[in-house]
Amino acid sequence: VQLQASGGGLVQAGGSLRLSCAASGRTLSSYVMGWFRQAPGKEREFVASISYTGAHTAYTDSVEGRFTISRDNIKNTVYLQMNSLQPEDTAVYYCAAGLTYGRSYRLYSYWGQGTLVTVSS
């Protein structure tokens with residue numbers, strides 16, 4: 001499966017962005033999906049994950065209540081709605097696909113190219 005992330009950009013603190021991750025090559029419903037991020041000089045960090053049907057979601061503590069992951073298996077697309085953005089959310093955001101639901105990046109075999117989110121104070 002090939003993944004294409006989009007929707008990043010520059011936003012002021014308190015603003016919102018919606019990231020999209022479009023899949024091609026295989027149907028998205030075959031995969032658990034996750035969003036990860038990597039800030040400059042920091043390690044890759046789990047952000048959110050969603051199960052095959054969307055029945056289960058998980059978030060890292062720092063985004064709980066502000067970010068929402070969702071999926072549309074008909075459109076073959078996963079979304080990350082990000083509200084109340086803060087400067088510490090600045091990072092390159094990556095979508096990923098895997099076969100096992102979880103938070104570890106090792107569970108995800110396929111990765112998109114990343115989209116940059118910059119939050120100004």
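In this predicted model, Trp111 has a relative accessibility of 27% and therefore counts as partly exposed. The cut-off explains the label: a residue is buried under 20% and exposed over 50%, so a value in between is called partly exposed.

Trp111 has an aromatic partner, Phe36. The ring centres of Phe36 and Trp111 are 5.0 Å apart and the planes meet at 55°, so this pair is described as tilted. Phe36 belongs to strand S4 (residues 32–38) and Trp111 to strand S10 (residues 108–111), so the pair links distant parts of the chain, 75 residues apart.

The search of the whole structure gives 4 aromatic pairs. Another of them joins Phe36 to Phe46: the centres lie 5.7 Å apart and the planes stand at 75°, so the pair is edge-to-face. Phe36 is in strand S4 and Phe46 is in strand S5 (residues 45–50), so this pair ties together parts that are 10 residues apart in sequence. Both Phe36 and Phe46 are buried. Through ring pairs, Phe36, Phe46, Tyr108 and Trp111 are linked into a cluster.

A charged residue also meets aromatic rings here. The charged end of Arg44 sits over the ring of Trp111, 4.6 Å from the ring centre. The charged end of Arg44 also sits over the ring of Tyr105, with 4.4 Å to the centre of that ring.

The next part concerns strands. In a regular strand, side chains alternate between the two faces of the sheet. Strand S1 runs antiparallel to strand S3 (residues 17–24), and 5 bridges join the two. Within this pairing, Ala5 stands opposite Cys21 of S3.

The angle about the S-S bond is 65°, and the link of Cys21 and Cys95 is right-handed. Cys21 lies in strand S3 and Cys95 in strand S9 (residues 91–98), so this pair too links distant parts of the chain, 74 residues apart. Cys21 has a relative accessible area of 0% and is therefore buried. Cys95 likewise counts as buried, at 0% relative accessibility.

Technical notes. Residues are numbered from 1 along each chain as its sequence is written. This is a predicted model: local features need pLDDT of at least 70, side-chain atom pairs count only at pLDDT 80 or more; totals for chains, interfaces and linings use all residues. Side-chain values use heavy atoms; hydrogens and water are left out. Two strands pair if DSSP finds at least two bridges between them. Helices (H or I, at least four residues) and strands (E, at least two) are DSSP runs, numbered from the N terminus. Rings of Phe, Tyr and Trp (its six-membered ring) pair if their centres lie within 6.5 Å; planes under 30 degrees apart count as stacked, over 60 as edge-to-face and the rest as tilted. Buried means under 20% relative accessible area, exposed over 50%, partly exposed in between (1.4 Å probe, protein chains only). A charge sits over a ring if NZ of Lys or CZ of Arg is within 6 Å of the ring centre and within 35 degrees of the ring normal. A disulfide is a pair of cysteine sulfur atoms within 2.5 Å.
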